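Have a look at the model, then follow the points below.

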Amino acid sequence: MSADALIEGASPPEKLTTRERILKAASTVFAEQGVKGATTREIARVAEVNETTLFRHFQNKELLLKAVVEQSANTIDEALTGPGMSNGDLRKDLTYYARVSNAVLFEKEPIIRMFIGECTRQPDGARQIACTAWQPVRLKLIDYLKRAQDNGQVLPHLDPEQTVEVLVSSLMGGMLRRKMVETGFSPEAYLDTVLDVFIRGISPAQQPENQE
């Protein structure tokens, strides 16, 4: 699904390719049973294919898990290279990125929660998969902020890498806490607040005149 379609809440196509069915089934089974408990036999059953077909697309369970994680990262990566990020306006660009990221987080919430657990139980393997899949997104965000600094849109003393972590952590935290904490606001209202606080904090134009 494209980044724009995901933001708009469009339904995925009714007829998925075999590969897409396998990935969708794998996401469900991994989320429910964890990496260790999930089997290619069960994933094939949910996808309504045989294991031979599954292995024709993915050689083993580890590569299938990697593909599931990459699928989410690729949607956000698409947003960072698409027309939604070419406005030259810090607020518009980061709002577009945040909305795509937020939509992916909410759509993939079950497997994200599972993966966080795996990073505790099997830190090396899970971390390697996550780092490989998400590194292009992370680097593009860092590069975007560096260019924004060069253009005078972001405070020059801020570390772009740390600044990216603040935004990503705020979005992830909002998704993880929404079922744990009773609030009187919607996920959309939270996202708007995160963006307002974040952009006001990094933009020179939003700083008090007497602040150096």
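1. The lining of the largest cavity divides into 6 nonpolar residues, no polar and no charged ones (Ala, Val, Leu, Ile, Met, Phe, Trp, Tyr, Cys and Pro count as nonpolar, Asp, Glu, Lys and Arg as charged, and the others, Gly among them, as polar). The lining is made by Leu94, Leu141, Leu145, Val164, Leu167 and Phe198. Helix 8 and helix 9 are the elements that each give two or more residues to it.

2. Before going on, please keep in mind that this is a predicted model, where local features need pLDDT of at least 70, side-chain atom pairs count only at pLDDT 80 or more, and totals for chains, interfaces and linings use all residues. Residues are numbered from 1 along each chain as its sequence is written, and side-chain values use heavy atoms, with hydrogens and water left out.

3. The largest nonpolar core has 30 residues (a core is a set of buried Ala, Val, Leu, Ile, Met, Phe, Trp, Tyr and Cys residues joined through side-chain atoms within 4.5 Å; buried means under 20% relative accessible area, exposed over 50%, partly exposed in between, with a 1.4 Å probe and protein chains only). Helix 6 (90–107) gives the largest share, 8 residues. Helices are DSSP runs of H or I, at least four residues, numbered from the N terminus.

4. Beyond its neighbours within four places in sequence, Leu94 is in contact with Tyr144, Leu195, Phe198, Ile199 and Ile202 (contact means heavy atoms within 4.5 Å).

5. Next, the charged pairs. The structure holds 11 salt bridges (a side-chain nitrogen of Lys or Arg within 4 Å of a carboxyl oxygen of Asp or Glu). In one of them, Asp196 pairs with Arg91, the closest N and O atoms being 3.4 Å apart. This pair links distant parts of the chain, with Asp196 in helix 10 and Arg91 in helix 6, 105 residues apart.

6. Is Glu109 buried or exposed? Glu109 counts as buried because its relative accessible area is 3%. Its salt-bridge partner is Arg113, with the closest N and O atoms 2.9 Å apart. Arg113 counts as partly exposed, at 30% relative accessibility. Both residues lie in helix 7 (residues 109–121), 4 residues apart, about one turn of the helix.

Notes:
1 Å grid on protein atoms, 1.4 Å probe; cavity = no way out; pocket = protein on both sides within 12 Å on 5 of 7 lines; lining within 4 Å.
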